[in-house]
Amino acid sequence: MFQKILREPLVHFLILGALLLFASNLINKRTSGDTRKIVITPGQVEHLEDTFARAHQRPPDPDELKGLIRDYVREEVYYREALALGLDRDDAPIRQRLRQKMEFISEDVAAQAQPTGEQLRSYLSDHPEKFRIDKHFTFTQVYLDPARHGRRLNSDAQQMLVQLNKSGPRADVSNMGDPFLLEGNTKDVSSRGVARDYGEKFAASLGQLPPGKWVGPIESGLGMLLVCVTNRTDGRLPQLDEVREAVRREWANDYRLESNRQFYQALLNRYTVTVELPPPPADTKTPAAAVRRP
């Protein structure tokens with residue numbers, strides 16, 4: 001029951017709202033009068049002990065623990081005084097680190113989300129291009145070097161096609177055509193794999209060829225080819241069970257990005273942003289503009 005509640009998007013937004021309140025309280029503490037009281041809680045002491053034990057493979061002795069607490073208080077004092085002086089405002093690395101911590105808060109909440117089966121099916125339906133199974137081809141090709149054949153390329157190709165079609169799809173092409181970088185037989189390769197090796201135009205042509213017949217010459221990224229497609233499997237959108245983990249990963253990534261966007265937008269809505277542009281050069285007439293809430 002508890003896990004089912006955690007999967008609800010409304011719960012995640014409520015948690016984000018609580019985080020916004022927490023962030024607001026931190027901001028308010030910076031400007032409140034009660035900033036001179038430092039309390040070291042038992043939990044913080046345990047954290048100091050655990051950190052020391054992980055580094056030294058033993059717990060700290062009493063004197064070492066006192067030193068750890070003194071260092072922690074020293075760090076806290078400097079930290080608060082630096083915030084009071086606004087030293088964090090003009091320090092790019094500190095600003096970047098604080099930004100990252102706020103983003104980590106949002107991402108930690110988003111990481112708890114667990115999609116339902118219906119959400120995954122809907123995501124698969126809405127983003128078919130991410131999961132579609134490509135067409136697959138099995139084909140045999142014979143390469144014709146335009147530099148060798150010159151003007152005789154088409155006539156030589158037609159003579160070879162007559163011979164190849166007499167032998168059919170199983171024709172022995174080991175001694176036919178010109179030397180080529182790729183094997184004559186290509187088995188069960190996706191359309192993306194064909195496009196990678198032979199070019200997009202050739203891959204598109206394979207989808208239009210009649211199976212079992214030698215045709216050509218067909219232009220490819222590597223030259224002119226005589227081709228016989230012996231098997232073609234059409235592309236399709238898979239069932240959810242075939243790609244569940246891939247869909248879950250993509251859903252989680254999109255959910256994280258959207259949660260971060262909404263978290264930032266909720267924070268931004270608390271502010272009025274004014275961008276004062278510098279005056280234009282003297283030779284232009286465009287007035288300076290004020291941009292609010294980008």
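In which helix do E258 and R261 lie, and how many residues apart are they?

1. Both E258 and R261 belong to helix α12, where they sit three residues apart, about one turn of the helix (helices being DSSP runs of H or I with at least four residues, strands runs of E with at least two, numbered from the N terminus). Their side chains meet in a salt bridge at 2.7 Å, N to O, the term denoting a side-chain nitrogen of Lys or Arg within 4 Å of a carboxyl oxygen of Asp or Glu.

2. The model is predicted, so that local features need pLDDT of at least 70 and side-chain atom pairs count only at pLDDT 80 or more, whereas totals for chains, interfaces and linings use all residues. Residues are numbered from 1 along each chain as its sequence is written, and side-chain values use heavy atoms, with hydrogens and water left out.

3. E258 is partly exposed at 32% relative accessibility, and R261 is likewise partly exposed at 45% (buried means under 20% relative accessible area, exposed over 50%, partly exposed in between, with a 1.4 Å probe and protein chains only).

4. Helix α12, residues 240–268, also holds R248 and E245, three residues apart, which form a salt bridge with their closest N and O atoms 3.7 Å apart.

5. In helix α4 (residues 62–84), E76 and R80 lie four residues apart and form a salt bridge with a closest N and O separation of 2.8 Å; E76 is buried at 18%, while R80 is partly exposed at 26%.

6. Over the whole structure, the search finds nine salt bridges, and K130, E250 and D254 are linked in a network of such contacts.
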